[in-house]
Amino acid sequence: MERNLSKDSLKLFNRDSFPLVSFVILLILCLVMMGVDYRQQILKKIKSKFSIVLSPITYLINLPADIFIDSKDVFVTKTLLKEKIEILQQRNYILSIVAQENELLKSENKILRNTLGIKKYFNLVSVNAEIILPNVRNGYSIITINKGLKNNIQIGSAVINNAGLVGQIINTSKNYSEIMPITSEDYAVPAIMDNNKENVILYGNGNGGLEIPLFPESSSISVNDNFVTSGAGGLYPKGINIGRVVEIKSTTSPRFNSIMITPVSQPTTFTQVTVINIKE
Amino acid sequence: MEKKKERTVFIILFLISIIFSNIGILGMENSSMMPNYFIALITAFTLNKNSFLNIYRLVIIGLIVDIFVGELLGQYGLIFICIYLVHFIIQKILVIKSTQQIFSLGFFLIISSFLVLWTTSVSHGLFISFNLIFIQSILTFIAYLIFNIFIKKFTKN
């Protein structure tokens, strides 16, 4: 009886020759590319050029989810909206009084500065933008906004909202910009406790929070203490809310504690942001 | 004809991978806990249709993946050719025929590629938690199983 076995089923082991030369060349090529990219940041430049193509694609990908969220908002009950309007009207009334006070203080401050001869160190140029999508790019959180180079947005600019610090611009194209949220692992911001006691650097932990890995045990800090930007380095204006202490953990060193901070604003809890550039 | 079919399935699954890489898994708050769809796809194709993906194509695909989701140019190219190498060596020394063996090899290839990903990331200053890598490799294995079903369903004669 003739056994009808295919060639493939008879082939137990792989008898092909390995393309060793090609493999070595490609391996070296990949390693060189990685090394060059690490030093020259080529991929970021390529991504910046490609963002004209990629951003609309990302926008379209997230469109169904956005429509779902938007449609959910549409179905909010009338009573709830009325209540919200009432609260907002009250808040608006209070804020208008505060604004008047601020105007008064501003003019008073200007007079005092002029009298004392203090120079104005910086002025803020801000651009309001809308978040197109807080998205995930292969595990890394990135927020995309609808303003770019056309609106004078620069790489490195601070991004805030009405709650506090949101992040920093890491990539810009003509019409879009990408923000690294403050909770990203690569993020660091000089901060100060709002009672002006401790100057520290806060690091994002990549897990929705910030931390100070080594905080001197002798310094006084307690849960619910608030951190604001210190203005050191000149990148961020002083006094922007960052977050509050949620946990103080001991470390392996008895001299230091690890401080966990929860940010005041999370990428999923807002839609509008303000990009600020400090002009010397 | 067969190769054309494979290519079409590959392009479709590649586009799906791009889409899914840009959206988190529904209901999961931690956005970083998601599978690496590209590693899953290449593993599934390497184990199913070895003829279609040669070493040069893998590097080119790796570069495209880098542009879409990568952090370092050439990193995915390196990962993919490592998958190719490991698969080739294993095929030389072992007989991989049963489904269980293929799935085990798939898991081994995924773990190997994540090790390469972790090593290259850490050596270039991109910190990735090792625990996260472990969870991602399990999720990637699940993605690989799903891709495997698709490839088998749409490329069989």
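**View 1. Strand 9 of chain A and its pairing with strand 10 (residues 241-250) of chain A.** Strands 9 and 10 of chain A run antiparallel here, paired over 3 bridges. Look for A:Val228, whose bridge partner in strand 10 of chain A is A:Asn241. As with every view here, this one comes from a predicted model.

**View 2. Strand 9 (residues 226-229) of chain A with strand 6 (residues 188-193) of chain A.**

**View 3. Helix 4 (residues 75-93) of chain B crossing helix 5 (residues 99-123) of chain B.** The two helix axes come within 9 Å and cross at roughly 145°, and the crossing is right-handed. Helix 4 of chain B brings residues including B:Leu78, B:Cys82, B:Val86 and B:Ile90 to the contact, while helix 5 of chain B brings, among others, B:Leu105, B:Leu109, B:Ser113 and B:Thr120. Sorted by class, this contact has 10 nonpolar and 5 polar residues, with no charged ones.

**View 4. Where chain B touches chain A.** Chain B puts 31 residues into the contact and chain A puts in 33. On the chain B side, helix 1 (2-21), helix 3 (55-69) and helix 4 are the elements that give two or more residues each. Helix 4 of chain B supplies the largest share of that side, with 8 residues. By class, the chain B side has 16 nonpolar, 13 polar and 2 charged residues.

Terms used: Residues are numbered from 1 along each chain as its sequence is written. Chains are lettered from A and ligands numbered from 1 in the order in which they are written. This is a predicted model: local features need pLDDT of at least 70, side-chain atom pairs count only at pLDDT 80 or more; totals for chains, interfaces and linings use all residues. Axes are lines fitted to C-alpha atoms, for helices over the stretch in contact, and angles run from 0 to 180 degrees between N-to-C directions. Helices (H or I, at least four residues) and strands (E, at least two) are DSSP runs, numbered from the N terminus. A crossing is left-handed if the near helix is turned anticlockwise from the far one by less than a right angle, and right-handed if clockwise. Two residues are in contact if their C-beta atoms, placed from the backbone, lie within 7 Å. Ala, Val, Leu, Ile, Met, Phe, Trp, Tyr, Cys and Pro count as nonpolar, Asp, Glu, Lys and Arg as charged, and the others, Gly among them, as polar. Two strands pair if DSSP finds at least two bridges between them.
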